[in-house]
Amino acid sequence: MTRLEKWMSTLLVLMLIWLCLVQDLLNLGYSKKFHDVILSLPVYLLVTAGSYLLGTLGFRLANFNDCEEAAQELFMQIQEAQADLSSKGLIL
C-alpha cells in the first residue's frame, strides 16, 4: 500500500466518522453545542494540518545543510567553463 493510499484511507475513515456524528446516525443524543463543534471539526483539522506543515517546513529550512565541497566543485567547474569560453573568443 502506498503512502497516498494510506492517507486516503485514513481520511475516508475520518470523514465517515464525522458524517455519522453530524447526521447523528448512532443516536448518541449529544447537545447542540457539541453538534456545533462537530460541524467545525474539518476546519480545525485543516488549520492544525497547515500549522504542522508550516512548522515542519520552517524547521527543515532552519536545519538545511550546506554542502561546501559541492559548492567548491561547482565553482571550479564554472571557472573552467569561463576559461574555456574565453579561450574560444567569447567575452563574458
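## Exercises on a predicted model

Helices are DSSP runs (H or I, at least four residues), numbered from the N terminus.

The model is predicted: local features need pLDDT of at least 70, side-chain atom pairs count only at 80 or more, and totals for chains, interfaces and linings use all residues. Residues are numbered from 1 along each chain as its sequence is written, and side-chain values use heavy atoms, without hydrogens and water.

**Exercise 1.** Find the average pLDDT of the protein.

*Solution.* Start with the average: it is 90. Then check the residues: 100% of them score at least 70.

**Exercise 2.** Describe how helix 1 and helix 2 pack.

*Solution.* Step one: helix 1 covers residues 3-22. Step two: its axis and that of helix 2 lie 10 Å apart, at an angle of about 150°. Axes are lines fitted to C-alpha atoms, for helices over the stretch in contact, and angles run from 0 to 180 degrees between N-to-C directions. Step three: helix 1 is therefore roughly antiparallel to helix 2 (angles over 145 degrees).

**Exercise 3.** Which residues of helix 1 and helix 2 meet?

*Solution.* Helix 1 brings Trp-18, Leu-21 and Val-22. Helix 2 brings His-35, Ile-38 and Leu-39. Contact means heavy atoms within 4.5 Å.

**Exercise 4.** Describe residues 37-55.

*Solution.* UniProt lists this span as "transmembrane region" in an unreviewed entry; such annotations may be inferred rather than shown by experiment. In the model, the span is 95% helix and 0% strand. Its end C-alpha atoms lie 25 Å apart.

Methods: Helix = DSSP H or I, 4+ residues; strand = E, 2+ residues; numbered from the N terminus. pLDDT = per-residue confidence, 0-100. Parallel < 35°, antiparallel > 145°, perpendicular 65-115°, else oblique.
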